Amino acid sequence: MCFWPRHRLRLSGWANLQILANDFTKLWQDCQDDYIAAVAAVGASGWYILGREVSGFEDALSAYCVSPFSVGCANGMDALEIALRVLGIGPGDKVLTTPLSAFATGLAILRAGAEPVYCDVDEHGALDPDAAAKALDSMNGIRAIIPVHLYGHMADIAALSAVADQYNVPIIEDAAQAIGASRNGVRVGAQGRIACFSFYPTKNLGVVGDGGALIVSDEQQATAARALRNYGQTEKYVHDTIGLNSRLDELHAATLNHVFLPKLDGWLTARRRIARAYLDGITNPNVSLLPGPDHDGSVWHLFPVLVKADRRDNFLAHLQADGIQVGLHYPILISDQRAMTDRGSPLVSGSLEQARQFATQEASLPIHPYLTDDEIGHVISSVNKWAG
Ligand SMILES: Cc1ncc(COP(=O)(O)O)c(C=O)c1O
């Protein structure tokens with residue numbers, strides 16, 4: 001969720017080079033003609049909210065995700081809140097999730113009126129099915145599980161589904177970082193699960209602004225989500241529930257549908273190619289690679305590596321001196337954030353040891369689809385020459 005200042009660094013050899021985590025100016029150069037045409041068409045249509053662009057994009061998203069229903073909304077966090085509320089989860093309920101995510105994951109649970117319960121992650125950084133099983137076994141009142149497909153790698157949905165089925169709780173997939181991902185052939189949102197997406201600019205499918213959506217397989221859920229995003233309105237002037245104002249704009253829907261979504265598969269291929277180059281090219285023994293559970297199924301939203309916690313600042317400074325921007329995902333666990341601890345002790349099941357290791361050791365290398373081969377090579381050689 002971070003933007004970095006575009007200040008130029010002084011570099012030897014790579015004078016004035018800056019390899020950005022996300023290069024929005026290159027994206028704009030690539031997309032601007034189609035973008036402006038899409039915006040002009042919406043402007044000329046005279047219809048700006050919940051019109052045919054939103055429903056057209058929802059249809060396209062459903063087709064892309066092979067899901068019967070899509071509902072656009074204002075952002076990924078709202079998509080999670082709406083998903084929880086569609087399932088009837090609210091005050092008095094607990095929702096099991098990972099502490100290693102964007103703050104929005106935990107915040108959406110609170111916004112729905114429920115209480116997050118955090119348990120540990122696995123070796124890929126996603127909710128650990130064994131830890132989830134222990135949490136469900138030891139704590140009453142858990143009504144849903146929200147795994148996060150962190151870094152664009154799908155969480156172990158097969159194992160989590162087995163746990164969820166045993167305790168009869170639904171899974172809502174936080175797929176903000178993972179549109180288009182799969183694991184061992186199982187897609188995001190398959191088998192009737194609700195999945196939530198963010199179109200925040202840094203995401204693999206981003207807009208020039210904010211946007212989000214959820215996919216659902218049940219028509220009643222889709223109808224409920226459509227009402228919730230629009231003040232809880234079930235028909236004109238009729239409000240049966242307390243909803244949000246969380247509409248996806250016609251403008252964003254049009255640019256998603258006509259400009260960005262058609263490019264998504266090409267972008268994902270580029271991300272996988274860069275990930276492969278890093279995995280093959282980075283040989284520094286002081287840098288641990290995280291190949292993910294399924295290279296071709298992953299959409300490589302980020303390229304995380306692990307370094308010793310007490311050397312991470314040095315690693316960041318080394319790369320920065322070479323003109324390379326590095327992100328941290330995420331340095332503070334959600335359960336440790338003051339906004340959470342100020343409310344009282346967060347509910348934690350088991351130890352969060354693995355999540356804490358990610359928080360202190362992880363660094364994300366640039367992997368956006370506009371990286372050139374020279375830039376990819378420069379990142380690899382810079383990482384390899386780090387003394388550790
Ligand atoms: C894993 C995860 N969940 C939820 C969100 C929230 O999405 P948004 O910023 O669109 O509300 C994000 C985005 O930052 C995210 O990365």
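K203 counts as buried, at 7% relative accessibility; buried means under 20% relative accessible area, exposed over 50% and partly exposed in between, with a 1.4 Å probe and protein chains only. This is a predicted model, in which local features need pLDDT of at least 70 and side-chain atom pairs count only at pLDDT 80 or more, while totals for chains, interfaces and linings use all residues. Residues are numbered from 1 along each chain as its sequence is written, and side-chain values use heavy atoms, with hydrogens and water left out.

- UniProt lists K203 under "active site", in an unreviewed entry; its positions are given in the numbering used here, feature names are shortened, and annotations may be inferred rather than shown by experiment.
- K203 is found in the loop between strand 8 (194-198) and strand 9 (212-216). Helices (H or I, at least four residues) and strands (E, at least two) are DSSP runs, numbered from the N terminus.
- With neighbours within four places in sequence left aside, K203 is in contact with A176, Q177, S198 and H301, where contact means heavy atoms within 4.5 Å.

**Strand 9**

- Strand 9 is largely enclosed by the rest of the structure, because five of its five residues are buried.
- G212, L214 and V216 point one way from strand 9, A213 and I215 point the other way, and all are buried.
- Strand 1 (residues 69-73) pairs with strand 9 in the antiparallel sense over five bridges; two strands pair if DSSP finds at least two bridges between them.
- A213 in strand 9 is the bridge partner of G72.
- Strand 8 also pairs with strand 9 in the antiparallel sense, over four bridges. Here I215 of strand 9 stands opposite A195.

**Aromatic pairs**

- A search of the whole structure finds nine aromatic pairs. Rings of Phe, Tyr and Trp (its six-membered ring) pair if their centres lie within 6.5 Å; planes under 30 degrees apart count as stacked, over 60 as edge-to-face and the rest as tilted.
- Y35 and F260 form a tilted pair, 6.0 Å centre to centre with 45° between the planes.
- Because Y35 lies in helix 1 (residues 24-45) and F260 in helix 8 (residues 250-281), this pair ties together parts that are 225 residues apart in sequence.
- Y35 is buried at 12% relative accessibility, and F260 is buried at 2%.
- The rings of F57 and F199 have their centres 5.6 Å apart and their planes at 80°, so the pair is edge-to-face.
- F57 in helix 2 (residues 52-65) and F199 in the loop between strand 8 and strand 9 are 142 residues apart, and their pair links distant parts of the chain.
- F57 is buried with a relative accessible area of 0%, and F199 is buried with a value of 0%.
- Ring pairs link W28, Y35, F260, W267 and Y370 into a cluster.

**Cysteines**

- A disulfide is a covalent bond between the sulfur atoms of two cysteines. The rule applied is a pair of cysteine sulfur atoms within 2.5 Å, and by this rule the count comes to zero disulfides.
- C31 is in no disulfide, and the nearest cysteine sulfur, that of C65, is 19 Å away. C31 is buried, with a relative accessible area of 1%.
- The closest cysteine sulfur to that of C65 is in C196, 11 Å away, which is too far for a bond. C65 is buried, with a relative accessible area of 6%.
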